[in-house]
Amino acid sequence: MSDCCTPDGSCHTQTETKTVVYKVGGVGSAHCQGIVAKAVGGLDEVKAVEVEIGTGLVTVTTDAEPGEELDKLIADTVDEAGYAFAGRAAV
(Lines give C-alpha, C1' and ligand atoms only; values in the text may rest on other atoms or scores of the structure.)
Protein backbone atom coordinates (compact mmCIF):
# COMPACT_ATOMS: atom_id res chain seq x y z
CA MET A 1 0.00 0.00 0.00
CA SER A 2 1.38 3.40 -0.90
CA ASP A 3 1.24 6.51 1.28
CA CYS A 4 -1.59 8.01 -0.74
CA CYS A 5 -4.07 5.22 -0.03
CA THR A 6 -6.38 4.86 2.94
CA PRO A 7 -6.86 1.56 4.81
CA ASP A 8 -10.00 0.85 2.74
CA GLY A 9 -7.94 1.01 -0.46
CA SER A 10 -9.21 4.30 -1.79
CA CYS A 11 -6.54 6.66 -2.99
CA HIS A 12 -6.44 10.40 -2.70
CA THR A 13 -4.88 12.32 -5.51
CA GLN A 14 -3.94 15.91 -5.10
CA THR A 15 -5.32 18.06 -7.89
CA GLU A 16 -2.77 20.39 -9.37
CA THR A 17 -4.01 23.96 -9.62
CA LYS A 18 -3.17 26.28 -12.47
CA THR A 19 -3.04 30.06 -12.63
CA VAL A 20 -4.25 32.10 -15.59
CA VAL A 21 -4.14 35.90 -15.84
CA TYR A 22 -6.73 37.81 -17.85
CA LYS A 23 -7.13 41.49 -18.72
CA VAL A 24 -10.47 43.17 -17.97
CA GLY A 25 -11.28 46.76 -18.90
CA GLY A 26 -13.13 49.15 -16.62
CA VAL A 27 -11.86 47.99 -13.22
CA GLY A 28 -11.16 51.44 -11.83
CA SER A 29 -12.44 51.21 -8.27
CA ALA A 30 -12.90 48.88 -5.32
CA HIS A 31 -16.58 48.60 -6.28
CA CYS A 32 -15.66 47.35 -9.77
CA GLN A 33 -13.02 45.08 -8.31
CA GLY A 34 -15.63 43.50 -6.04
CA ILE A 35 -18.13 42.94 -8.84
CA VAL A 36 -15.59 41.20 -11.09
CA ALA A 37 -14.14 39.16 -8.20
CA LYS A 38 -17.59 38.00 -7.09
CA ALA A 39 -18.68 37.08 -10.62
CA VAL A 40 -15.53 35.17 -11.58
CA GLY A 41 -15.04 33.72 -8.10
CA GLY A 42 -18.56 32.30 -8.18
CA LEU A 43 -17.70 29.89 -10.98
CA ASP A 44 -17.30 26.24 -9.98
CA GLU A 45 -14.05 26.02 -11.97
CA VAL A 46 -12.45 28.89 -10.04
CA LYS A 47 -10.70 28.12 -6.75
CA ALA A 48 -9.40 31.66 -6.14
CA VAL A 49 -9.45 35.02 -7.89
CA GLU A 50 -7.53 38.29 -7.46
CA VAL A 51 -8.53 41.47 -9.28
CA GLU A 52 -6.20 44.47 -9.50
CA ILE A 53 -7.74 47.93 -9.52
CA GLY A 54 -6.45 50.11 -12.34
CA THR A 55 -4.61 47.44 -14.33
CA GLY A 56 -7.65 45.19 -14.64
CA LEU A 57 -5.51 42.10 -14.26
CA VAL A 58 -7.61 39.17 -13.05
CA THR A 59 -5.60 36.23 -11.71
CA VAL A 60 -7.61 33.01 -11.66
CA THR A 61 -6.55 29.85 -9.84
CA THR A 62 -8.31 26.77 -11.17
CA ASP A 63 -8.26 23.00 -11.21
CA ALA A 64 -9.60 23.13 -14.77
CA GLU A 65 -7.29 22.85 -17.74
CA PRO A 66 -6.55 26.35 -19.03
CA GLY A 67 -7.71 26.62 -22.61
CA GLU A 68 -10.41 27.95 -24.91
CA GLU A 69 -13.26 26.51 -22.83
CA LEU A 70 -12.11 28.19 -19.61
CA ASP A 71 -11.29 31.42 -21.48
CA LYS A 72 -14.81 31.53 -22.95
CA LEU A 73 -16.40 30.86 -19.55
CA ILE A 74 -14.40 33.70 -17.96
CA ALA A 75 -15.14 36.00 -20.93
CA ASP A 76 -18.88 35.34 -20.76
CA THR A 77 -18.93 35.86 -16.99
CA VAL A 78 -17.01 39.15 -17.20
CA ASP A 79 -19.25 40.37 -20.03
CA GLU A 80 -22.39 39.47 -18.05
CA ALA A 81 -21.00 41.46 -15.11
CA GLY A 82 -20.78 44.50 -17.41
CA TYR A 83 -17.03 44.68 -17.98
CA ALA A 84 -14.87 44.40 -21.08
CA PHE A 85 -12.99 41.10 -21.34
CA ALA A 86 -9.72 41.67 -23.22
CA GLY A 87 -8.30 38.13 -23.21
CA ARG A 88 -5.30 36.61 -21.53
CA ALA A 89 -2.71 39.03 -20.23
CA ALA A 90 0.90 38.77 -21.31
CA VAL A 91 2.71 38.35 -18.00
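Predicted model: local features only at pLDDT ≥ 70, side-chain atom pairs only at ≥ 80, totals over all residues.
Figure 1. Helix H1, formed by residues 30-41, lies across S2 and S3 and runs at about 165° to S2. Helix H2, formed by residues 68-80, lies across S1, S2, S3 and S4. The direction of H2 is at about 160° to that of S4.

**Figure 2. The open sheet and its strand order.** The sheet is built from 4 strands in the order S2-S3-S1-S4, with antiparallel pairing. Strands S2 (46-51) and S4 form the edges, each pairing on one side only. On average, and with direction ignored, neighbouring strands are turned by 30° against each other. The antiparallel pairing of S2 with strand S3 (residues 57-62) extends over 5 bridges. Within this sheet, valine 49 has valine 60 of S3 as its bridge partner.

**Figure 3. The aromatic pair of tyrosine 22 and phenylalanine 85.** The structure holds 1 aromatic pair. The ring centres of tyrosine 22 and phenylalanine 85 are 5.5 Å apart and the ring planes stand at 45°, so the pair is tilted. Because tyrosine 22 lies in strand S1 (residues 18-25) and phenylalanine 85 in strand S4 (residues 84-88), the pair ties together parts that are 63 residues apart in sequence. Tyrosine 22 is buried, with a relative accessible area of 0%, whereas phenylalanine 85 is partly exposed at 23%.

**Figure 4. The salt bridge between glutamate 65 and lysine 18.** This is one of 4 salt bridges found in the whole structure. The closest N and O atoms of glutamate 65 and lysine 18 are 4.0 Å apart. Glutamate 65 belongs to the loop between S3 and H2 and lysine 18 to strand S1, so that distant parts of the chain, 47 residues apart, are linked. Glutamate 65 is exposed, with a relative accessible area of 61%; lysine 18 is partly exposed at 21%.

**Figure 5. The salt bridge between aspartate 71 and arginine 88.** The closest N and O atoms of this pair are 3.1 Å apart. Aspartate 71 in helix H2 and arginine 88 in strand S4 are 17 residues apart, and the pair links distant parts of the chain. Aspartate 71 is buried, at 19% relative accessible area, while arginine 88 is partly exposed, at 43%.

Figure 6. The side chains of aspartate 76 and lysine 72 meet at 2.9 Å, N to O. Aspartate 76 is partly exposed, with a relative accessible area of 31%, and lysine 72 is exposed, with 51%.

Conventions. Residues numbered from 1 in each chain as written. Heavy atoms only, no water. Phe/Tyr/Trp six-rings, centres within 6.5 Å; stacked < 30°, edge-to-face > 60°. Helix = DSSP H or I, 4+ residues; strand = E, 2+ residues; numbered from the N terminus. Buried < 20%, exposed > 50% of the residue type's maximum accessible area, 1.4 Å probe, protein only. Pairing = 2+ DSSP bridges. Axes fitted to C-alpha atoms, helices over the stretch in contact; angles between N-to-C directions. Contact = heavy atoms within 4.5 Å.
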